Amino acid sequence: MSTAVATDYVRRMVAKESRGPGDPEGAMARLEARYGIGFWQLSHLRGGRAKTVEVGLFARIRSAYLDYCEHQIRLLEHEIAVEKAIHEDDSLADLEREA
C-alpha cells in the first residue's frame, strides 16, 4: 500500500472539506469525527511526514475517500434537482449526466 496514494487521498479530502484558508485543522477534525481516522494520522499524511502506512489504515483512508466522493456526488445531484425544480430548463440535463 502506497504512502503517496494515502497522502494524496488525505490531501484531497482536507482540501475539499476546508472552509477556507486556515481551516485545514478544522477539516481534519471533522474528517476524524466522520471516519474515525486519527487527527495526527491525517496530519502526518497531509504534511508528507508519514514514511509508511499500515494496510488497515490505508484501507480505511481509501474507504473514507470513496465515501467522501460519493457524498459530494449526492450533494451535487440534490443541488441539480433543486435548481431544476426552481428553473425548469432542459439544458441542465447535461450537468446531471456529467455528475
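This is a predicted model: local features need pLDDT of at least 70, side-chain atom pairs count only at pLDDT 80 or more; totals for chains, interfaces and linings use all residues.
1. Setting aside residues up to four places away in sequence, Thr3 touches Leu45, Ala50, Lys51, Thr52 and Val53.

2. The C-alpha trace spans about 50 × 30 × 20 Å along its principal axes, which a reader may wish to keep in view when turning the model.

3. On burial and surface, 30% of the 99 residues in the chain count as buried. The chain exposes about 6600 Å², and carbon and sulfur atoms supply 53% of that area. Where contacts in the chain between residues at least 6 apart in sequence are concerned, 51% join residues at least 24 apart.

4. Turning to charge, the chain carries 14 positive and 17 negative side chains. The centres of these two sets lie 11 Å apart.

5. The aromatic side chains deserve a separate point, and a search of the whole structure finds three aromatic pairs. Tyr9 and Tyr65 form one that is stacked, with 4.7 Å from centre to centre and 20° between the planes. Because Tyr9 belongs to helix 1 and Tyr65 to helix 4 (residues 55-86), this pair ties together parts of the chain that are 56 residues apart in sequence. Both Tyr9 and Tyr65 are buried. The rings of Phe39 and Trp40, by contrast, have planes at 85° and centres 5.1 Å apart, so that pair is edge-to-face.

6. Two further remarks concern these rings. Ring pairs link Tyr9, Phe58 and Tyr65 into a cluster, and Tyr9 and Tyr65 within that cluster are the two residues already described as stacked on one another. Trp40, the partner of Phe39 in the edge-to-face pair, has a relative accessible area of 58% and therefore counts as exposed, the cut-off being over 50%.

7. Arg12 also lies in helix 1, and with a relative accessible area of 39% Arg12 is partly exposed. Although Arg12 and Tyr68 are 56 residues apart along the chain, their C-alpha atoms are separated by 10.0 Å.

8. Glu96 is found in helix 5, which is made up of residues 92-98, and its relative accessibility of 43% places it in the partly exposed class. Once neighbours within four places in sequence are left aside, Glu96 is in contact with Ile80 and Lys84. The C-alpha atoms of Glu96 and Gly56, which are 40 residues apart along the chain, are separated by 35 Å.

Terms used:
Residues are numbered from 1 along each chain as its sequence is written. Side-chain values use heavy atoms; hydrogens and water are left out. Contact means heavy atoms within 4.5 Å. Buried means under 20% relative accessible area, exposed over 50%, partly exposed in between (1.4 Å probe, protein chains only). Accessible areas come from the Shrake-Rupley method with a 1.4 Å probe; for residues, only the protein chains shown count as cover. Lys and Arg count as positive and Asp and Glu as negative; His and the chain ends are not counted. The place of a charge is taken as NZ of Lys, CZ of Arg, CG of Asp or CD of Glu. Rings of Phe, Tyr and Trp (its six-membered ring) pair if their centres lie within 6.5 Å; planes under 30 degrees apart count as stacked, over 60 as edge-to-face and the rest as tilted. Helices (H or I, at least four residues) and strands (E, at least two) are DSSP runs, numbered from the N terminus.
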